[in-house]
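Colleague: I'd like to learn how to read side-chain features in a model like this. Could you walk me through them?

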Amino acid sequence: MASSPENNASLCDQKVTHSESPQAKKSQQAEEAIFYKNCRAAYLTVLKSSLENIKSIEQLRLVLQQAGRNPSQKTVNKYWTSQTTTLNFDDFCSILKEETPATKTELLEAFRKIDTDNTGYILHDELYKILTTKGEKMTLDEVSAITNLADFNCSGKLDYKKFCDLYMATSEQCCKTALEKLEVDGRLKRQQFGSKGETSTDGITLPVLKPSPKISRKTDHKLAPTKGDSRTPSRPLSAQGCKASISSTISMDASSNRITKLIEPHTIKEWQCAQSRGCFYLEEDGEIISHKYRLHIPQRSTVCITIKPLNLRQVEGKSCHWLSVDTALYVLKENETQENLQLVGFTEQQNKEMSGWKGELASGFYWLLPFTTGCRLKKVKTQITGEAKLVYRGEDSELALTKDCQAALLDIFETIDLDGNGLLSLEEYNFFELRTSGEKCDEEAWAVCKENFDMKKNELTRQGFLDLNLMEANDREGDPSDLWVTLLSLGYNKALEMTEACPFVIDIYAEKCKPRIKAIYLEAGSWQLNRAICKSVVNKGDAKVMDGCENIIVYTYRMGMRITSVIENKSENKVIIHVNNEQSKNCLSNRGLTVFAVEVAPKSMTVSQHVMPLNEQEEWLYNCVHSLLR
């Protein structure tokens, strides 16, 4: 699977493309700032602090009501199971993202399905029958509580339009009351746990505490603090009760964002090269998976390894979001067993969107583990005006793929063509199958493909790949459902924009031998990768021992445009570290709150956060305070 295309010898051949305008980013951040402010207002109406957990199902129901939701018992039970003991603030935010409030239009449509004559009323007898026998059944007393309210009941009938008006007004009043309480209560306001987010969109977007396993967390939380506050305390107000703290500050100007020690292309262009493509895919729960590779170096040699986003076609009017995604690669030496991998190096050198590592490798096998922080590859809600058309029938009534669908499938072909030879081997095709269907294609099925679709040297051509996907639509008589499954699972949205995937290309140059690279897995980041990230930061980062607690060390390391901090807990006990980034400016992170907490197990290390500049053309300030809670 090796090739050495001439265009990949240079590290300076692409230009980062930003898929969103500054105005769109600011608008999105403003919306998310309002969302988190409402979350915090509702939470602090019921609980004393955002550090305090929800301890009962009754508290959960109450905070949801304060946030303008009217949860059914079924909804509450979905998040508070028999195994649940507590839910934290970040769990609550995740729930609110999942359980969006019903709109007046949705409520009216539900009632009109019952009111088939469109009278505007529903008889009480009919309402009793429906609510006590269908769906999540209500008791007679619960239904009576509705029908006895005079505001929207008269002569044995319910005026559901008035009911909807009252329902919406009550929901809005709950939210309004919570926000007013947050504004006037100075004690709650000083806690500042969550993001301020009232106006500014120039601030930092930072991680959340990992939710309880019962909650499926989305990772598209993006929120910015205000920058108008002139105070710059060494410890945040919300951490004044903490035992000890560490403050870290790094300031960068715009010119330093992409400039580190450069890899000179002329020094390696005569070396032997191997290449493989791959892709980061964003899962529904926000987790990122990618290909994992095994590298063989036949003899000791100086080696240069690079990774960068794959430059696919760029269509006017279509976003190229993946080109701005950060990519990195960790090199681990394989010893006697694959379980015992030793960190050799990582791509800390950077030139524009490409990162690289250069050093000497002994003969043997190595693992290459791709990594992206998730700062720019995350779940983002976008407004899509209309669903793209995938197939059509021509004048001969034959089904065909639309030009847009063909273009998307051809881009997918380029991504899954790992060796870049313009053909898909069975091995390459099976990575595609595992991602889209969860199953592999065996030799027998591949032989059937060979009989029906265009192949060369037992590998599928681009046309064969298009015909194979068209067959899926033909098998369903023109229904594009299976095609959509393929496209969505590979990171495309309904407008045929790749927003939840980042294809990349890895190049390995060796001075004295021919390197060989092979993709082995397509999976989420392993504990081996997490350990490698922590070790790289500990080895090269700035270490600070927490004042008053010598067992807690915070390491901070800057790699090009990325800052990563790691917390090490040398004590025999679990600790919770409170993290405050309110004074950071023009920063973006893989997680969602300005103030959050991290739990660190005894005798262990964990990543606190990854941070990148929000706008690369402007200076940015990373100002973080880690404080010990317990």
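Modeller: Rings of Phe, Tyr and Trp (its six-membered ring) pair if their centres lie within 6.5 Å; planes under 30 degrees apart are stacked, over 60 edge-to-face, and the rest tilted. One caution: this is a predicted model, where local features need pLDDT of at least 70 and side-chain atom pairs count only at pLDDT 80 or more, while totals for chains, interfaces and linings use all residues. Residues are numbered from 1 along each chain as its sequence is written, and side-chain values use heavy atoms, with hydrogens and water left out.

Colleague: How many aromatic pairs does a search of the whole structure find?

Modeller: It finds 15. Take Y429 and F432: their pair is tilted, 5.5 Å centre to centre with 40° between the planes. Helices are DSSP runs (H or I, at least four residues), as are strands (E, at least two), numbered from the N terminus. Y429 and F432 are 3 residues apart in helix α11 (residues 426-436), so about one helical turn separates them. Ring pairs also link F413, Y429, F432, W446 and F465 into a cluster.

Colleague: Is Y429 buried or exposed?

Modeller: Buried means under 20% relative accessible area, exposed over 50%, and partly exposed in between (1.4 Å probe, protein chains only). Y429 is buried at 4%, and F432 is buried at 3%.

Colleague: Which residues have the most contacts inside the largest nonpolar core?

Modeller: A nonpolar core is a set of buried Ala, Val, Leu, Ile, Met, Phe, Trp, Tyr and Cys residues joined through side-chain atoms within 4.5 Å. In soluble globular proteins, nonpolar side chains tend to be buried together. Here the largest core has 72 residues, and I305, L368 and I506 have the most contacts inside it. Strand β17 (residues 501-510) gives the largest share, 7 residues. Another core, of 22 residues, lies apart from that one and includes F35 and Y79.

Colleague: And salt bridges? What does R294 pair with?

Modeller: A salt bridge is a side-chain nitrogen of Lys or Arg within 4 Å of a carboxyl oxygen of Asp or Glu. The whole structure has 18 of them. R294 meets E334 at 2.8 Å, N to O; this pair links strand β6 (residues 288-297) with strand β8 (residues 328-334), 40 residues apart. R294 is partly exposed at 25%, whereas E334 is buried at 12%.
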